[in-house]
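Please read it with the sequence at hand.

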Amino acid sequence: MGIKKRQPIAKQEPQIKYTLANVNLRDNKSTKANIITVIPEGSKVVVIDAEEDWYEVKYDNQQGYVYNEYLSKTMYTWTSVSLRLFPTSESMQENVITAKSRLQVLDVLGDWSKVVYNDEDGYVFNYFLSDDGNPPNAYDFTSFGNDMDKFVNDNNIKSPTVNLIVTDLYNFYTYVYMKDENNNWKRLYKWECTVGKPSTPTIVGTYYISGRKPYFGSDTYRVKYATRIKGSYYYHSILFNANGTEIIDDTLGKALSHGCIRLAVENSQWIYDNVLDTSAVVIH
């Protein structure tokens, strides 16, 4: 009997973003860091790593850091949608983008987004875009926020692990659940949190924990116990100084972050230490 060959692991497609203006590629995560080069507006960069406000990218065989506000935002289509030449339904259709496709948003003009899809730019109606590739009403949100235990169990939310995390962006709470012996979600914790401000909102949808960092930051701050939700979005601690020795902002219950979800130090550490990769996260 022959030996069965192991199938090669598929390589993950690199994440591409586009610069929204002429932007400095720096050798460190600081506006005071040395400038490696200036990346022209509209240039394509490859994302190496991402944190809340800085991205490590590769451009023209040079690697460095770019401030996130100068990069396109990743969105997904939840249904097939027309890519149009101008931001109007009467405009010529350039292409059809299939459901679950990833694209880059360059600008938002009312009800339309200027996007790039497979190196082709055009306009897409905003309603057909979401942060996670799912339609806006994937769950019944009737009890969301009022009775979160009912919400998670009535919707029979699935998680590849025994844990589920839910964040209520409106009321500023994060909930942690564990499967009980009857395969129902039992709440372990309800914690106050801080979420993204209106100009840099927290993503909405269903995600799966995908790694963690003991800390990250810049020359002005540090956060600890960072557990990745998706891309540059994390659950992490309140803000410390750059050395991580002193808390400089312990605000919770507000919308003021760059998109990450801040928790008290002991709560962010609990997630970091106990919630496994691939655990489901619902944010609404």
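Strand β4 (residues 44–50) pairs with β5 in the antiparallel sense over 4 bridges; strands here are DSSP runs of E with at least two residues, helices are runs of H or I with at least four residues, and both are numbered from the N terminus. Two strands count as paired if DSSP finds at least two bridges between them. The model is predicted, so local features need pLDDT of at least 70 and side-chain atom pairs count only at pLDDT 80 or more, whereas totals for chains, interfaces and linings use all residues. Residues are numbered from 1 along each chain as its sequence is written, and side-chain values use heavy atoms, with hydrogens and water left out.

- Val-46 has Lys-58 in β5 as its bridge partner.
- On pairing with strand β6 (residues 62–67), β5 again runs in the antiparallel sense, over 6 bridges.
- Glu-56 has Tyr-65 in β6 as its bridge partner.
- The hairpin of β5 and β6 has 2 residues between the strands, and Asp-60 in this hairpin takes a positive phi near 50 degrees.
- Strand β5 (residues 54–59) is largely enclosed by the rest of the structure, because 5 of its 6 residues are buried. Buried means under 20% relative accessible area, exposed means over 50%, and partly exposed lies in between (1.4 Å probe, protein chains only).

**Salt bridges**

- Side chains of opposite charge can pair when their charged atoms come close. A salt bridge is counted when a side-chain nitrogen of Lys or Arg is within 4 Å of a carboxyl oxygen of Asp or Glu, and by this rule the count comes to 10 salt bridges.
- Lys-73 and Asp-131 meet through their side chains at 3.8 Å, N to O. Lys-73 belongs to strand β7 (residues 73–77) and Asp-131 to the loop between β13 (129–130) and α1 (148–154), so this pair ties together parts that are 58 residues apart in sequence. Lys-73 is partly exposed at 33% relative accessibility, whereas Asp-131 is buried at 10%.
- Arg-187 and Asp-149 form a salt bridge at 3.1 Å, N to O. Because Arg-187 lies in strand β16 and Asp-149 in helix α1, the pair ties together parts that are 38 residues apart in sequence. Arg-187 is partly exposed at 34% relative accessibility, and Asp-149 is partly exposed at 27%.
- Asp-249 and Arg-262 form a salt bridge at 3.9 Å, N to O. Asp-249 is in strand β23 (residues 247–249) and Arg-262 in strand β25 (residues 261–263), so the pair ties together parts that are 13 residues apart in sequence. Asp-249 is partly exposed with a relative accessible area of 22%, while Arg-262 is buried at 7%.
- A network of salt bridges links Lys-29, Asp-49, Glu-51, Lys-213 and Arg-228.

**Nonpolar surface patch**

- Val-162, Met-178, Leu-188 and Tyr-189 make a nonpolar surface patch of about 300 Å². Patches are made of residues with over 30% relative accessible area and no salt bridge; nonpolar side chains (Val, Leu, Ile, Met, Phe, Trp, Tyr) are joined within 5 Å, and like charges within 9 Å. Accessible areas come from the Shrake-Rupley method with a 1.4 Å probe, and for residues only the protein chains shown count as cover.
- Tyr-189 is located in strand β16 (residues 185–192) and is partly exposed, with a relative accessible area of 31%.
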